Amino acid sequence: MIYYISDLHYFDELVVHFKDCRPFASTEEMNRYMIRQWNSRVTGQDTVYVLGDFIKGSGRQANEILRQLAGRICLIVGNHDEYLQDPEYDRSRFEWVRSYAEIKDGDHFVVMSHYPMIFYNNQYRSEEGIFHSVMLHGHIHRTYDDAMLRELIALQRRHRQRLYGYKGVTDTPSTIVNTFCMFSDYIPLTADEWIRVQKKREEQDPTKEKPHYAPGGGIPV
């Protein structure tokens, strides 16, 4: 199986007490819970794509976490993955480390980046009238930027156009999915599962949610 998840932030005090207000008393408690949740789903035969901000710690701390996680792990680099530069970090644990990737996952053409992309590769390409390309990202957690992105996606879809290979006029296809770990209770999900999570969130009014911090450091008012 192929799974995805982002922004776990192991060892990060800020996501516990300020940024995400995660329901843990300490990073140690959070780390134990996230490891348990990961291993409740992932087996040694599975592949997990982590879409950035995996571990906020040293190379030694990264090794400690990675040794406890099942599966083959591929990392899309986030802005908080500084341990990658630490000489103590064991590079052999990741299958690969990249800033951007595209893969075929079943019927889906999956575009992966830590940062969300409103326009992505194969977005307008359809097969028998079905659009299979999906953009998976992290970075924006559950913030004002996440709410703004959902508004942009809704605006984008309202624009109708003629697309190459598609008969007639259609809404602009836009399948952009935030794989933030708290949306799945820290369990890696398949592409189809993440799409369902995103669809359910899109059915909610983003202006009525109470987002947390802004990624640039701003505090919600």
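**Exercise 1. Find which residues V42 touches, leaving out residues up to four places away in sequence, and decide whether V42 is buried or exposed.**

Solution. Step 1: with those sequence neighbours left out, the contacts of V42 are Y3, V48, A70, G71 and P188. The model is a predicted one.

Step 1: V42 sits in the loop between α2 (27-41) and β2.

Step 2: take one contact and check its separation. Y3 is 39 residues from V42 in sequence, while their C-alpha atoms are 8.2 Å apart in space.

Step 3: apply the cut-off. Buried means under 20% relative accessible area. V42 has a relative accessibility of 4%, so it counts as buried.

**Exercise 2. Work out how strand β3 pairs with β2 and with β4, and what β2, helix α3 and β3 make together.**

Solution. Step 1: start with β2. Strand β2 (residues 47-50) pairs with β3 in the parallel sense, over four bridges. Within this pairing, Y49 has C74 of β3 as its bridge partner.

Step 1: go to β4. Strand β4 (residues 94-98) runs parallel to β3 and is joined to it by four bridges. Here C74 stands opposite W96.

Step 2: check the cover. Of the five residues of β3 (residues 72-76), four are buried, and the strand is mostly covered.

**Exercise 3. Give the strand order of the open sheet of four strands, and say which strands are its edges.**

Solution. Step 1: the order is β5-β6-β9-β12, and the pairing is mixed.

Step 1: an edge strand pairs on one side only, which holds for β5 (100-105) and β12 (176-178). On average, neighbouring strands of the sheet are turned by 25° against each other, direction ignored.

Step 2: look at one pair inside the order. β6 (residues 108-113) and β9 (residues 133-137) are parallel and share four bridges. V111 has M135 in β9 as its bridge partner.

**Exercise 4. Describe the setting of S113: its strand, its burial and its side-chain polar contact.**

Solution. Step 1: S113 belongs to strand β6.

Step 1: the relative accessible area of S113 is 8%, so this residue is buried.

Step 2: a polar atom of the S113 side chain lies 3.0 Å from the backbone oxygen of Y115.

Step 3: list contacts beyond four places in sequence. S113 touches L51, I76, S99, Y100, M135, L136, H137 and G138.

**Exercise 5. Identify which residues touch the most other members of the largest nonpolar core, and follow the contacts of W38.**

Solution. Step 1: this core has 49 residues, and those touching the most other members are Y4, Y10, W38, F54 and M112.

Step 1: apart from neighbours within four places in sequence, W38 is in contact with I5, L8, V48, V50, F54, L69, A70, I73, Y186 and P188.

Step 2: another core, of eight residues, lies apart from the largest one and includes V111, Y120, I140 and I153.

Step 3: Of its 221 residues, 50% are buried.

Note on methods:
Residues numbered from 1 in each chain as written. Predicted model: local features only at pLDDT ≥ 70, side-chain atom pairs only at ≥ 80, totals over all residues. Heavy atoms only, no water. Pairing = 2+ DSSP bridges. Helix = DSSP H or I, 4+ residues; strand = E, 2+ residues; numbered from the N terminus. Axes fitted to C-alpha atoms, helices over the stretch in contact; angles between N-to-C directions. Buried < 20%, exposed > 50% of the residue type's maximum accessible area, 1.4 Å probe, protein only. Polar contact = N/O pair within 3.5 Å; in protein donor to acceptor, adjacent residues only side chain to side chain. Contact = heavy atoms within 4.5 Å. Core = buried A, V, L, I, M, F, W, Y, C linked by side-chain atoms within 4.5 Å. Right-handed = clockwise from strand over helix to strand, strands pointing away.
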